[in-house]
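Reader: I have a model open and want to learn how to read it. Please take the features in turn, general idea before the case.

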Amino acid sequence: MWVYEKRLEYPVKITKTCPKTAQLIITQYGGPDGELSASLRYLSQRYTMPVKAVGGLLTDIGTEELAHMEIICAMVYQLTKNLSIEQAKEAGFDAYYVDHTTALWPQAAANLPFTALEFQSKGDAITDLTEDLAAEQKARTVYDNLLRMIDDPEIREPLKFLRSREIVHFQRFGEALEKTKSQLDSKNFYYFNPEFDKEMYQKQP
Amino acid sequence: MSEQNLAIVTVPQQEWSTLYKEEDALNIGTIFPALNKPFFAGEAVMDTKSPVAKEQSGHEDILQKMQQLGFFLVDLGLYLATHETEQQAIALYHEKAQEYATLRRTFAKEQYPLTCLCVPYCTEKAELEFCLMEGPIPWEGAWV
């Protein structure tokens with residue numbers, strides 16, 4: 001269950017139309033390392049997590065990623081708000097315009113549609129948490145790349161905020177992995193799958 | 001915890017330390033100095049007021065305060081998910097959550113409700129027009 005709060009996690013106030021930048025940033029909405037992908041990854045993985053606190057963390061981070069998706073969408077929306085046909089053509093935004101006008105549609109910067117093929121929910125706590133660590137790093141790299149290309153502080157500030165969150169989430173997933181490891185035999189973490197071989201895994205509160 | 005083993009990732013458990021003030025934390029992106037690791041091309045945003053986060057009116061002021069406090073709770077909440085017995089963190093969470101609840105109530109009374117759970121705090125005029133529809137749409141930004 002979720003309750004919507006009518007505010008952004010970080011404020012977005014962009015005053016200049018720039019479809020070129022919108023086309024780049026949209027990748028963090030529907031791209032391979034985007035916020036939508038992140039949210040669905042964590043919210044899918046949580047059900048079968050053997051450690052209750054880890055399921056709780058996946059819920060919390062999955063929820064924060066939804067707020068990040070909203071920030072990215074607000075940025076794309078504001079960057080294309082008063083778009084003219086000339087601007088769309090000049091920036092190469094015309095193909096997107098033909099398909100979606102200025103509505104939001106989850107896709108990568110290179111026009112690839114959003115797909116669940118970009119993430120995994122594997123049903124093995126060590127595998128999934130290791131994927132989550134990598135996911136946060138991949139998203140950070142995308143923000144690094146965006147920050148190299150974009151000068152406008154109105155756009156940079158929210159991107160810097162989102163980048164910082166990837167680092168914090170990485171740390172938390174690392175701690176979640178340690179929590180999971182502490183319930184397993186350190187001589188061989190891979191002796192069984194804690195999400196499936198329930199008779200071998202002593203469930204901890 | 002955090003015992004080193006071959007063929008698996010090891011991440012050390014973060015230890016509790018002094019936090020950023022909530023006014024700074026939102027601009028930095030974390031309440032934890034130990035996790036503030038800026039990108040050189042993104043330069044450090046320490047002790048700077050975000051150019052996009054400045055207040056314009058009284059109601060923007062409360063909203064900004066809520067944004068800062070709300071973020072403080074998000075970041076502290078994630079910390080508590082993996083440090084559930086850290087006494088100072090628990091006490092601080094209770095304190096900030098209380099402060100946030102009060103602000104949310106005041107904002108609903110004076111401006112508009114931020115969530116459906118705030119509807120009971122709206123004033124009498126709320127009976128004439130459904131108050132949940134009031135207030136700007138959050139993604140409009142400066143275009144309101």
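Author: Start with confidence. pLDDT is the predictor's confidence in each residue, from 0 to 100. Contact means heavy atoms within 4.5 Å. This is a predicted model: local features need pLDDT of at least 70, side-chain atom pairs count only at pLDDT 80 or more, totals for chains, interfaces and linings use all residues, and side-chain values use heavy atoms, with hydrogens and water left out. Residues are numbered from 1 along each chain as its sequence is written, while chains are lettered from A and ligands numbered from 1 in the order in which they are written.

Reader: Where in chain B does pLDDT stay under 50?

Author: Over residues 51-56 of chain B. The model still has 16 contacts for residues 51-56, counted beyond four places in sequence. Chain B as a whole has a mean pLDDT of 87. In chain B, 83% of residues reach 70 or more. For the model, ipTM is 0.96 and pTM is 0.95.

Reader: How many helices and strands does chain B have?

Author: The general idea: helices (H or I, at least four residues) and strands (E, at least two) are DSSP runs, numbered from the N terminus. Chain B has three helices and zero strands. Read from the N terminus, its order is α-α-α.

Reader: Which element of chain B has the lowest mean pLDDT, and which the highest?

Author: Helix H2 (residues 58-82) of chain B is lowest, at 93. Helix H3 (residues 87-110) of chain B is highest, at 97.

Reader: How do I read burial?

Author: Buried means under 20% relative accessible area, exposed over 50%, and partly exposed in between (1.4 Å probe, protein chains only). Chain B has 144 residues, and 43% of them count as buried.

Reader: Is B:Lys96 buried or exposed?

Author: B:Lys96 counts as buried, because its relative accessibility is 11%. The residue is found in helix H3 of chain B. Leaving out residues up to four places away in sequence, B:Lys96 touches B:Glu22, B:Leu69, B:Phe72 and B:Leu73.

Reader: With which side chain does the side chain of B:Lys96 make a polar contact?

Author: First the rule. A polar contact is a pair of N or O atoms within 3.5 Å; within protein, one must be able to donate a hydrogen and the other to accept it, and residues adjacent in sequence count only if both atoms are side-chain atoms. The partner is the side chain of B:Glu22, at 2.6 Å.

Reader: Which residue forms a salt bridge with B:Glu22?

Author: A salt bridge is a side-chain nitrogen of Lys or Arg within 4 Å of a carboxyl oxygen of Asp or Glu. B:Lys65 forms one with B:Glu22, and the closest N and O atoms are 2.6 Å apart. This pair links distant parts of the chain: B:Lys65 sits in helix H2 of chain B and B:Glu22 in helix H1 (residues 22-28) of chain B, 43 residues apart. B:Glu22 is buried at 5%, whereas B:Lys65 is partly exposed at 26%.

Reader: How many salt bridges cross the interface of chain A and chain B?

Author: The rule finds four. B:Glu140 and A:Lys81 also form a salt bridge, with the closest N and O atoms 2.7 Å apart.
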